[in-house]
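Here are my notes for you to read alongside the structure. Keep the viewer open and click on each residue as it comes up.

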Amino acid sequence: MKQKLTITVDPEVLVAAKRYARSRGVSLSSLVERALRAEATVGEPSFASRWRGRFQAAELDDPLYDALARKYL
């Protein structure tokens, strides 16, 4: 359930933010929510960074690799 939030910003920022949201075809509320969500998750690693380095390249003489390569490549 969404909750209402009251914020105070400079008038120039509000005009620019409304223009930016309108050009993207989104509401100002969703724009602010997206920005807050991005800031709140800054400390969390991305999906790619969590998995980077966890896999090893397949051996070229591996029969399973050969079968999968023939099927999907």
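1. **Ground rules.** This is a predicted model, so to speak: local features need pLDDT of at least 70, side-chain atom pairs count only at pLDDT 80 or more, and totals for chains, interfaces and linings use all residues. Residues are numbered from 1 along each chain as its sequence is written, and side-chain values use heavy atoms, with hydrogens and water left out.

2. **The largest pocket.** Let's start with the open space: the largest pocket holds about 470 Å³. On a 1 Å grid over the protein atoms alone, a pocket is an open set of points where a 1.4 Å probe fits, with protein on both sides within 12 Å along at least five of seven lines; lining residues have an atom within 4 Å of a point. The volume is the space filled by probe spheres set on the points, which are joined across faces, edges and corners.

3. **Who lines it?** There are 15 lining residues, and Leu5, Ile7, Leu28, Ser29 and Val32 are the closest to the pocket's centre. Helices α1 (11–24) and α2 (28–40) each supply at least two lining residues, and α2 gives the most, with six. Helices here are DSSP runs (H or I, at least four residues), numbered from the N terminus. By type, the lining has nine nonpolar, three polar and three charged residues. Nonpolar covers Ala, Val, Leu, Ile, Met, Phe, Trp, Tyr, Cys and Pro; charged covers Asp, Glu, Lys and Arg; the others, Gly among them, are polar.

4. **A nonpolar patch.** Now look at the surface, where Leu5, Ile7, Val9, Val13, Leu14 and Leu36 form a nonpolar patch with about 520 Å² of accessible area together. Such a patch takes residues with over 30% relative accessible area and no salt bridge, and joins nonpolar side chains (Val, Leu, Ile, Met, Phe, Trp, Tyr) within 5 Å. The areas come from the Shrake-Rupley method with a 1.4 Å probe, and only the protein chains shown count as cover. Leu5 sits in the segment before α1. Is Leu5 buried or exposed? Leu5 counts as exposed because its relative accessible area is 56%, and the cut-offs are under 20% for buried, over 50% for exposed and in between for partly exposed.

5. **Salt bridges.** How many are there? The count is two, taking a side-chain nitrogen of Lys or Arg within 4 Å of a carboxyl oxygen of Asp or Glu. One joins Glu33 and Lys2 (2.7 Å, N to O). That pair links distant parts of the chain, with Glu33 in helix α2 and Lys2 in the segment before α1, 31 residues apart. Glu33 is partly exposed at 29%, while Lys2 is exposed at 64%.

6. Arg37 and Glu33 are about one helical turn apart because four residues separate their positions in α2. Through shared partners, Lys2, Glu33 and Arg37 join into one network.

7. Pro45 lies in the loop between α2 and α3 (47–51) and is partly exposed, at 49%. The C-alpha atoms of Pro45 and Leu5 are 28 Å apart. For Lys2 and Ala67, 65 residues apart along the chain, the C-alpha separation is 50 Å.

Key
Patches are made of residues with over 30% relative accessible area and no salt bridge: like charges are joined within 9 Å, nonpolar side chains (Val, Leu, Ile, Met, Phe, Trp, Tyr) within 5 Å. Buried means under 20% relative accessible area, exposed over 50%, partly exposed in between (1.4 Å probe, protein chains only).
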